[in-house]
Amino acid sequence: MRDIAIQVIDLQKSYKKINVLKGIDFEVEKGSIFALLGSNGAGKTTIVKILTTLLKPDGGSASVNGFDIINRDLNVRQSISLTGQFSAVDEILTGNENMIMIAKLRHMKNIKKVTDDLLKRLGLVEDANRKVSTYSGGMRRKLDIAMSLIGNPQVIFLDEPTTGLDPEARLEVWKIIKELAESGTTVFLTTQHLEEAEQLADRIAVLHDGKIIANGTLQELKKMFPPVKVEYIEKQPTLEEIFLAIIGKKEAN
């Protein structure tokens, strides 16, 4: 029997009579990386806000770590962490001061050990006493993730975590995300970068026009693509080709 960290059933949400989510269903296994793939405006952030109790759905139900997002919202918030599209760090403070502030807000014991361990884990020890205003985009994102890990959340939500990062910083963040899953943390990742989902996710869901139009492992999604054409070599479809083909099929219907 699968151990489920997130369960979503018929989730619906509208803004000013515009249906953003039209009945969303999916499950996320504990300790896995789940990528929600979709273009800008597809509704990815809306789903994240609902699952993290920042927004109430108009219909359907969802649970995170076994807690209903409406009736047990406090329990949900205590067991998760959220890193948004833009780094939520205080530029006036140093990296270490940002970490200590969050640790105090979470009422952590042994604050120095907790913060020092996380700074070391994410490779920020040498820059811990510098003001965040001097950090690069990649360093800010790493600090943001480090702050999110204080308290050992069971599920971490990463909403387009590599937006605006250069290729090197993006690879560093990918490495961190993989290490999180390896340590048993469930990672819910939203992205519009197809390569990111292909590199990281155990399971990928494609969100389009308010609905999940495909959901599976990379290999399962590849089976939805037409058979490869054999000329001189066999060319396997990329996730980008699969994504565009799935959307094209859906729009044609």
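1. Strand β1 (residues 4–15) and strand β4 (residues 59–64) are joined by five bridges and run antiparallel. Within this pair, Ile9 stands opposite Ser61 of β4. Strands here are DSSP E runs of at least two residues, helices are H or I runs of at least four, and both are numbered from the N terminus. Two strands count as paired if DSSP finds at least two bridges between them. The model is a predicted one, in which local features need pLDDT of at least 70 and side-chain atom pairs count only at pLDDT 80 or more, while totals for chains, interfaces and linings use all residues. Residues are numbered from 1 along each chain as its sequence is written, and side-chain values use heavy atoms, with hydrogens and water left out.

2. β1 also pairs with strand β2 (residues 18–29), through nine bridges and in antiparallel fashion. Lys13 has Leu21 of β2 as its bridge partner.

3. Ser63 stands opposite Asp68 in β5. The four strands make an open sheet with the order β2-β1-β4-β5 and antiparallel pairing. Its edge strands are β2 and β5 (67–68), each of which pairs on one side only. Strands of a sheet pair through backbone hydrogen bonds, either parallel or antiparallel.

4. Helix α1 (residues 44–51) lies across β1, β2 and β4 and runs at about 65° to β2. Axes are lines fitted to C-alpha atoms, for helices over the stretch in contact, with angles from 0 to 180 degrees between N-to-C directions. Contact means heavy atoms within 4.5 Å.

5. Two residues deserve a backbone check. Most residues other than glycine have a negative phi. Lys16 has a positive phi near 50° and lies in the loop between β1 and β2, a hairpin with two residues between the strands. At 83% relative accessibility, Lys16 counts as exposed (over 50%; buried is under 20%, partly exposed in between, with a 1.4 Å probe and protein chains only). Asn110, also not a glycine, has a positive phi of about 50°. Asn110 sits in the loop between α3 and α4 (111–121) and, at 60% relative accessibility, is exposed too.

6. Helix α3 (residues 95–105) and helix α5 (residues 137–148) have axes that come within 9 Å and cross at roughly 25°. The two helices are therefore roughly parallel (under 35 degrees; over 145 is roughly antiparallel, 65 to 115 roughly perpendicular, and the rest oblique). Their crossing is right-handed, meaning that the near helix is turned clockwise from the far one by less than a right angle. Gly95, Asn98, Met99 and Ile102 of α3 meet Leu143, Ala146 and Met147 of α5.

7. The largest nonpolar core has 48 residues; Leu37, Met99, Leu143, Ile177, Val187, Ile204 and Leu239 touch the most other members. Helix α6 (residues 167–182) gives the most to this core, with seven residues. Apart from it lies another core, of 26 residues, including Phe26, Leu36, Ile50 and Ile80. A nonpolar core is a set of buried Ala, Val, Leu, Ile, Met, Phe, Trp, Tyr and Cys residues joined through side-chain atoms within 4.5 Å.

8. Ile204 can be followed in more detail. Not counting residues up to four places away in sequence, Ile204 touches Ala35, Leu37, Ala197, Ala214, Asn215, Gly216, Leu218, Leu221 and Leu239.
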